[in-house]
Amino acid sequence: MAQLPNEIYRQILSPLDLGTIRACRLAGRAINQAATELVFRRVTLQFELLPTQNARSGPNFVKIATAAHLRPLVREVTIVTTVTSAAHEYARTVCETSDVPMPQMAPSFLYALPFLKAFTGLKSVEVVFTATHHPLAGLVLGTCLRCIAGEWDTSRQVGLQTELLQILPRQAESFITEWPSLVTASQTDPMEVTALKITDLPVSMRLAVSEMLLSCKSLKQLHLQLAYSKFETAFHNLPRQLGDRFDYIENLPKTWLLPDIANHLRVLSLSYEEYWGWAPKMDFRTVNPGVGLPNLRVLSLGCYVFSYKWQVEWIASLGRQNGRGGLEELYLKDCPIMWEAKVHSSLDESVTELPTPNGGVIGISNEGYPTDQSLQLPDDLSDLIEVSFPLRWSYVFDRWAKTMPSSLVSFAMGTEPFGEGLHEEWQGLPVNTPGLLQYVHFNIGLDPEPWIEQDDRRRMIMEDDGFNKYSAARQSDYDSYDNFREAIRSSAATDMA
């Protein structure tokens, strides 16, 4: 039988599970090549609390990275720092059986991590942290980013080995003397990584990511799922006192979304486990001022709060240079509109001036955002002032129906399911779907849980003919939502005709 092209074998094998694909490596030379490419396309490095002689993930990662015929095949790497309860119990049993203390720093994981730079064909990197702040988060992420940026050199490798010897001298010595060494150079080219995904990224982390990202010219997809430590409350009573969380989110345009990154992004996914956008503040107009995200095709936001018309226009303006003239996919998970805020004092009225690429200056109004003072708890809660925000979902969808359908092919909002490429599962959701057309209000007097997931029904029905006004407003929201989705479907049908 004539041998088929390798691409055909890969297409035949790709739907199979990994175990079956591994078995197919024994089915002849032609199929072996395709199966080997698929087996080693995705590689995982797992944080293991096991004695050196029992560790598997770290040694396997190093073996693949140092195998000349395998390392060029790796396209996707996942770095997992989480330890499940079952894995923790297994490690405890192994250590008790071996009569050795359980490692706390997983030296095999740390030693293997810089071998990431050996995968010359790498395109995608995912780093998964634990939801409770991981003590090694800064070291892990810094090492990954420096490898991607081509900044992991001999001095950094020696520094890591020295640190391991200080933390766990007996275990680390076996790695350094018996494991393959990572060949480094003083200067290396950045890796051609196009997708970076970070799950449960601690917002308390202090790491100069901007300096490393500037070298990542090939980055096209950025997925950031931000998290705070579960050992902390959401607001710490006086929210601005905690600093890290608010500052980290507000400074995203200066760290992860620098102009050189924003100009080339095709996919951007940002989410936080608490409501964000207003408090903590995130003003997307400060991302690449005057230019924005010109090549963006997919935007996914989680728990982002809408409160201003400019946010609606900003989304509609994305992707003007992406070939379709605008966004192709938009996903909103648990993204509500804020209709009211109760704060300690008046909100911001200042203007921020930022330079633009053409040498000009753009003024961005901070009107309506909280100040440090407005988020302080007053001595008397009766002193809180109320601020109304008139934005409604009917306005949002009416605007998007006029400005986005020609480019948009997939839109979804709600709670679950959620994610890029899952739009088929969102079709025909009922109007009472959780997270759909949601409204919230903010009350600093209820700190540390200041967000209330209720709309303005109670306030509106106290007015003359209030119930009818409320019912009409909600029906208008649903009608605008349906009209927007119908406009997308009609546009898609026209494109296919």
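## Two charges over rings

R285 lies over the face of W310, at 4.2 Å from the ring centre, in what is a predicted model rather than an experimental one.

## The chain as a whole

The chain contains 18 helices and 15 strands, and buried residues account for 51% of its 497 residues. Among contacts between residues at least 6 apart in sequence, 78% join residues that are at least 24 apart.

After the helix comes G319, which has a positive phi, near 75°.

Helix α4, made up of residues 57–66, has 7 of its 10 residues buried, so it is largely enclosed by the rest of the structure. The buried residues are S57, G58, P59, F61, V62, I64 and A65, and their cover includes strand β1 (42–46), strand β2 (76–80) and helix α6 (107–112).

## Aromatic rings

The structure holds 24 aromatic pairs.

Q225 lies in strand β5, residues 221–227, and is partly exposed, with a relative accessible area of 32%. Leaving aside residues up to four places away in sequence, Q225 touches I198, T199, D200, L201 and S271. The C-alpha atoms of Q225 and E273 are separated by 8.0 Å, although these two residues are 48 residues apart along the chain.

D200, one of the residues that Q225 touches, lies in strand β4, residues 195–202. D200 is buried, with a relative accessible area of 13%, and its phi is near 55°, a positive value in a residue other than glycine.

## Backbone features in the loops

Most residues other than glycine have a negative phi, and most peptide bonds are trans. Against that background, a cis peptide bond joins A279 and P280, with omega of about 5°, and P280 is found in the loop between β6 (267–276) and β7. The loop between β6 and β7 is also the place of N288, which has a positive phi of about 50° although it is not a glycine. N288 is buried, with a relative accessible area of 3%.

Another cis peptide bond joins D447 and P448, where omega is about 15°. P448 is found in the loop between strand β14 (439–443) and strand β15 (451–452).

## Cavity and pocket

The count of cavities of 30 Å³ or more comes to 1, and the largest cavity has a volume of about 40 Å³. The residues that line the largest cavity are L145, I148, V193, L196, L213, C216 and L219, and this lining divides into 7 nonpolar, no polar and no charged residues.

The largest pocket has a volume of about 550 Å³. Of the 30 residues that line the largest pocket, the closest to its centre are E250, K254, T286, T352 and L354. The elements that give two or more residues to this lining are α12 (244–250), α13 (252–255) and β10 (351–355), and β10 gives the most, with 3 residues. By residue type, the lining of the largest pocket divides into 16 nonpolar, 7 polar and 7 charged.

Conventions
Residues are numbered from 1 along each chain as its sequence is written. This is a predicted model: local features need pLDDT of at least 70, side-chain atom pairs count only at pLDDT 80 or more; totals for chains, interfaces and linings use all residues. Side-chain values use heavy atoms; hydrogens and water are left out. Helices (H or I, at least four residues) and strands (E, at least two) are DSSP runs, numbered from the N terminus. Rings of Phe, Tyr and Trp (its six-membered ring) pair if their centres lie within 6.5 Å; planes under 30 degrees apart count as stacked, over 60 as edge-to-face and the rest as tilted. A charge sits over a ring if NZ of Lys or CZ of Arg is within 6 Å of the ring centre and within 35 degrees of the ring normal. On a 1 Å grid over the protein atoms alone, a cavity is a set of points where a 1.4 Å probe fits but cannot get out, and a pocket is an open set with protein on both sides within 12 Å along at least five of seven lines; lining residues have an atom within 4 Å of a point. Grid points are joined across faces, edges and corners, and a volume is the space filled by probe spheres set on the points. Ala, Val, Leu, Ile, Met, Phe, Trp, Tyr, Cys and Pro count as nonpolar, Asp, Glu, Lys and Arg as charged, and the others, Gly among them, as polar. Buried means under 20% relative accessible area, exposed over 50%, partly exposed in between (1.4 Å probe, protein chains only). Contact means heavy atoms within 4.5 Å.
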